[in-house]
Each structure stands twice: as C-alpha cells, then as structure tokens.
Amino acid sequence: MTASLAENSRTGPVVAIPVYAGVSELELGIMVTLCRLCGGGGATLTVNRSRASIVTAGGLVSTPHVLYAALPEPVALLIPGGPGAAKAARDPLLRLFLSTHAALPTGASGSGLLLPGEAGTLTGRLVGGPADLADTMWGYGVADVFAGQTVTDGTLCTTPGGFPALEAAVHVASAVWGAEVAQLAVQRLTYPSMPV
C-alpha cells in the first residue's frame with residue numbers, strides 16, 4: 001500500500017535516490033527536502049533491491065519507496081553517502097541501475113561517490129568529494145580529483161559529505177525544475193533569521 005501511495009502522489013518528474021543500510025540521513029534528508037520543495041511530495045522516490053526497512057547511519061529506520069523494477073523512469077539521480085556506501089557499492093543490481101542511468105543529471109555526495117565509481121560511471125570525469133576518498137577516486141579512472149571541493153562536470157555534480165550535499169541537490173533540481181525554482185527552494189531552506 002505504501003508503494004501505491006508514493007505512486008499516487010507523483011504528478012511530475014521523479015528523482016530517484018538509491019538508499020542502503022548505513023546511508024547518511026543528513027544527506028538523504030537534504031536531498032529529499034530540496035526536491036520536494038521544488039517538485040512536490042512525489043518528486044523523489046527512494047529505491048532499493050528490497051522494500052525491507054533499512055537502518056540509517058544515525059540509527060533511524062527507513063523503508064524504501066520502491067524496488068528498482070517498480071521505479072518509474074527517473075529524470076535524475078541523487079546519491080547520498082554514509083558509512084554503508086562501500087558495502088552498497090558492491091551490489092550488482094545497484095551498479096546496473098547506476099550504469100543504465102549514467103546519462104541523467106546526477107548529484108553524489110560524500111562516500112556516495114563510491115556507488116557510481118564502482119558502477120564505472122566516473123571514468124574520464126572531473127570529481128570533487130571528500131578528501132579522504134581522493135586516492136580511491138583515482139582508481140575509478142577519473143580525469144582529475146579536487147579533494148574537499150564541489151565539482152560539476154556536465155550532468156554530474158560531486159560534493160564532500162554532510163551539508164555540501166545541498167549543492168548536489170541544487171544541481172539536480174536546477175536541471176529538473178529550473179535554476180530559479182531551485183534557488184527559491186534553497187532560500188526557503190536557509191531562512192536567514194528566525195524570531196525567538
């Protein structure tokens with residue numbers, strides 16, 4: 001029934017977000033929130049090989065919206081990091097999913113870069129990301145690594161982990177809903193002051 005609710009609330013383009021045990025709820029939350037501010041409640045669907053609940057990095061329990069096979073054709077991908085990324089990157093179904101959708105606008109943050117790296121979709125690309133993964137990124141055949149920075153190379157935006165995941169989400173939201181809509185959503189997220 002949850003899948004039906006997710007499908008019924010979807011009225012526009014869908015951004016797919018692969019999730020896995022140990023995903024960062026901060027990065028996932030930033031990505032989902034920005035896209036929902038831009039495109040409404042059905043703007044994102046979390047996807048996994050199973051609809052079994054997963055435990056996030058901080059111990060929250062989350063249930064993916066859909067299986068890979070049931071996912072409507074996405075228009076973009078967002079890939080959050082987390083301590084479970086290295087294990088998730090070895091999943092052949094996830095690697096196939098990412099390689100099949102490699103041409104879509106994509107934002108990857110933190111250790112989430114391991115997922116497209118293992119899927120072979122970073123070859124020849126300029127990448128940013130966390131400084132502690134710089135040596136690992138070279139192993140994926142990238143053109144250059146800008147450790148600790150956000151880098152946009154065509155349809156791909158890679159960022160360090162944590163709050164910079166917002167930059168990956170803005171990249172994807174701008175491609176899907178337009179830069180003006182994405183910036184308005186950022187303004188709503190980063191309200192400068194609140195009365196106390």
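One aromatic pair was found in this predicted model, where rings of Phe, Tyr and Trp (its six-membered ring) pair if their centres lie within 6.5 Å. Tyr68 and Phe97 form this pair, with 5.0 Å from centre to centre and 45° between the planes. The pair is tilted, a label for planes that are neither under 30 degrees apart (stacked) nor over 60 (edge-to-face). Tyr68 sits in the loop between strand 5 (66-67) and strand 6 (76-79), while Phe97 belongs to helix 4 (residues 92-100). The two residues are 29 residues apart, and their pair links distant parts of the chain. Helices (H or I, at least four residues) and strands (E, at least two) are DSSP runs, numbered from the N terminus. Tyr68 is buried, at 12% relative accessible area, and Phe97 is buried at 7%. Buried means under 20% relative accessible area, exposed over 50%, and partly exposed in between (1.4 Å probe, protein chains only).

Residues are numbered from 1 along each chain as its sequence is written. In this predicted model, local features need pLDDT of at least 70 and side-chain atom pairs count only at pLDDT 80 or more, while totals for chains, interfaces and linings use all residues; side-chain values use heavy atoms, with hydrogens and water left out.

An open sheet of seven strands has the order 5-2-1-6-7-11-10, and its pairing is mixed. Strand 5 and strand 10 stand at the edges with a single partner strand each, so one side of each has no neighbour in the sheet. Two strands pair if DSSP finds at least two bridges between them. Strands of a sheet pair through backbone hydrogen bonds, either parallel or antiparallel. Strand 6 and strand 7 are parallel, with three bridges. Here Leu77 stands opposite Thr106 of strand 7. Helix 4 lies across strand 1 (15-18), strand 2 and strand 6. Helix 4 runs at about 150° to strand 1, with axes fitted to C-alpha atoms (for helices over the stretch in contact) and angles from 0 to 180 degrees between N-to-C directions.

Strand 11 (residues 156-159) is covered on both faces. Leu156 and Thr158 are buried on one side, Cys157 and Thr159 on the other. Strand 7 (residues 106-109) pairs with strand 11 in the parallel sense over four bridges. Gly107 has Cys157 as its bridge partner. Strand 10 (residues 151-153) runs antiparallel to strand 11, joined by three bridges. Asp153 stands opposite Leu156. These two strands form a hairpin with two residues between them, and Gly154 in the turn has a positive phi of about 65°.

Thr44 lies in strand 2 (residues 44-48) and is buried at 1%. Contacts of Thr44, not counting residues up to four places away in sequence, include Val15, Ile17, Val32 and Cys35; contact means heavy atoms within 4.5 Å.

Zero disulfides were found in the whole structure, a disulfide being a pair of cysteine sulfur atoms within 2.5 Å. For Cys38, the closest cysteine sulfur is in Cys35, 6.4 Å away and too far for a bond. For Cys157, the closest is also in Cys35, at 12 Å, again too far. Cys38 is buried at 14%, and Cys157 at 2%.

Helix 7 (residues 165-177) has 13 residues and reaches 18 Å from its first C-alpha to its last. This is close to the expected 18 Å, which is 1.5 Å times one less than the number of residues. Its buried residues include Leu166, Val170 and Trp177. Gly178 follows helix 7, with a positive phi near 100°.
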